[in-house]
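The following note sets out a few points for a colleague examining this model.

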Amino acid sequence: MAKTFRPYEPDQMLLMPPALSDWVPEGHLARGVSDLVDTLDLSAIEDAYDEERGFPPYNPRMMVKLLLYAYCTGTYSTRKIAAKLEDSVAFRFLAASNEPDFRTISDFRKRHGVALAGLFEQVVRICAESGLVKLGRVAVDGTKIKAHASKHKAMSYGRMKEKESALRREIKEYLKRVDEVDRDEDRLYGPDRRGDEFPEEFARRDTRLKKIQEAKAALEAEAREKADSEGKDAEKAKPTDKSQRNFTDPESRIQKTNDGFIQGYNVQVAVDETSQIIVAQHVTPTAPDVNELVPVVESIKRTLKRTPREVLADAGYCSEENIAAMEKRGIDPYIATKRQKHGEPPLASPRGRPKENLTLRERMARKLRSVRGKKTYSRRKVIVEPVFGQIKQARGFRQFLRRGVVNVGQEWALVSTAHNILKLLRAVAAVGAA
């Protein structure tokens with residue numbers, strides 16, 4: 001007797017149209033994102049639509065739900081989001097069968113970048129109200145993320161000077177050749193041209209020369225600004241020959257990573273120990289971390305109106321100024337004073353009372369050698385490094401899609417918001433299952 005299978009009729013008509021929500025099970029991430037966004041204040045976005053004329057735009061709350069759910073599931077390209085609206089039940093549920101194209105989604109993200117970045121603080125406050133943020137112990141760290149630009153499109157100031165001189169000579173030669181052959185226009189240019197157009201090669205070189213001159217001027221302006229901020233003579237300031245500028249994303253910088261050098265940005269986060277919620281974040285083009293600790297702490301205070309009890313950070317943040325700044329704010333800092341080499345045995349715990357003439361850095365080194373200091377600092381990598389792993393590895397965010405420090409800052413805020421939403425919804429689900 002032949003085996004009987006369950007009915008399979010792809011062309012079967014539904015007698016009654018189902019509700020979209022029937023296709024999404026209870027407890028699905030899309031439902032959680034939808035319910036959360038319904039509680040957010042989106043007036044900064046909604047108030048921007050003050051034009052009565054024209055075709056009605058898509059509902060902003062629906063667009064925010066799409067973007068946040070997309071970021072929660074590792075979908076960052078607006079083209080891929082638009083494709084999901086056609087073949088993903090969860091995306092169709094959130095959009096209520098609306099299908100904005102990729103350009104509409106992209107324009108929405110650009111137009112409301114500041115307001116969308118502001119959702120980060122709203123979500124952090126919700127996490128704090130839910131008891132997921134205690135601010136007892138916070139770990140600060142940074143990671144490098146590739147810019148939407150190639151490092152091969154960057155040029156050093158020294159190379160710019162050489163290339164500028166070479167292009168000037170080439171353009172001068174072209175102009176000389178045009179003058180020399182002016183008497184023989186028909187033979188050189190053909191009967192269908194006037195003979196006074198510049199050769200295409202000249203146009204390309206002229207454009208390249210202008211770009212190089214603009215890049216040089218920008219580097220020189222940066223050098224003057226830096227000198228002025230340091231109290232030096234700005235008029236005499238010049239960039240070093242190794243100073244670089246990228247032609248695709250001028251605000252990005254060459255960043256050193258464990259896998260080599262990239263053209264990118266340095267993103268910073270502060271993570272609360274309780275549930276790995278990101279309580280502060282920002283993006284900087286500068287590679288060193290040492291100047292980013294105080295801004296991170298100030299961001300926490302601005303968002304949650306209080307500061308953490310303890311701050312843990314690696315050696316990249318160590319300076320006497322940072323240690324003093326933390327202590328001045330009533331924060332107990334645990335900042336490594338140097339990088340421990342692989343295989344290097346730990347230093348012995350200190351004995352007796354500390355000497356009175358120790359510097360802040362020496363006091364910090366002694367503090368981290370103590371039993372309590374070792375135990376506390378060992379929590380740093382457990383708190384913050386998994387967050388970067390979840391964002392970069394699990395959800396695949398390894399390159400910015402926008403350019404410029406302001407735009408990538410808005411993009412990173414969305415990534416951090418999505419991370420916190422996932423942590424919040426999983427905590428709520430765990431409580432519900434208990």
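A nonpolar core is here a set of buried Ala, Val, Leu, Ile, Met, Phe, Trp, Tyr and Cys residues joined through side-chain atoms within 4.5 Å; buried means under 20% relative accessible area.

1. The model is a predicted one. Its largest nonpolar core has 89 residues, and those with the most contacts inside it are Val64, Val279, Phe400 and Trp412. Helix H3 (residues 60–72) contributes the largest share of this core, 10 residues. As a general matter, nonpolar side chains in soluble globular proteins tend to be buried together.

2. Overall make-up. The protein contains 16 helices and eight strands. Of its 434 residues, 43% count as buried. Among contacts between residues at least 6 apart in sequence, 71% join residues at least 24 apart.

3. Surroundings of Trp412. Leaving aside residues up to four places away in sequence, Trp412 touches Ile145, Val267, Gln268, Val269, Gln281, His282, Val283, Phe388, Ile391, Phe397 and Phe400. Trp412 also belongs to one aromatic cluster with Tyr71, Tyr76, Tyr265, Phe397 and Phe400.

4. Aromatic pairs. Six aromatic pairs are found in the whole structure. Tyr76 and Phe397 form an edge-to-face pair, with 5.0 Å centre to centre and 75 degrees between the planes. This pair links distant parts of the chain, 321 residues apart: Tyr76 lies in the loop between H3 and helix H4 (78–87), and Phe397 in the loop between helix H15 (379–394) and helix H16 (405–433). Tyr76 counts as buried because its relative accessibility is 9%, and Phe397 is buried with a relative accessible area of 0%. Phe397 and Phe400 also pair: their ring centres are 5.5 Å apart and their planes are at 80 degrees, so this pair is edge-to-face. Both Phe397 and Phe400 are buried.

5. Helix H11. The buried residues of H11 are Leu293, Val296, Val297, Ser299, Ile300, Thr303 and Leu304. Viewed down the axis of H11, these buried residues fall within an arc of 155 degrees, so they line one face of the helix. Just after H11, Lys305 takes a positive phi of about 65 degrees.

Terms used
Residues are numbered from 1 along each chain as its sequence is written. This is a predicted model: local features need pLDDT of at least 70, side-chain atom pairs count only at pLDDT 80 or more; totals for chains, interfaces and linings use all residues. Side-chain values use heavy atoms; hydrogens and water are left out. Buried means under 20% relative accessible area, exposed over 50%, partly exposed in between (1.4 Å probe, protein chains only). Helices (H or I, at least four residues) and strands (E, at least two) are DSSP runs, numbered from the N terminus. Contact means heavy atoms within 4.5 Å. The arc is that of the directions from the helix axis to the C-beta atoms. Rings of Phe, Tyr and Trp (its six-membered ring) pair if their centres lie within 6.5 Å; planes under 30 degrees apart count as stacked, over 60 as edge-to-face and the rest as tilted.
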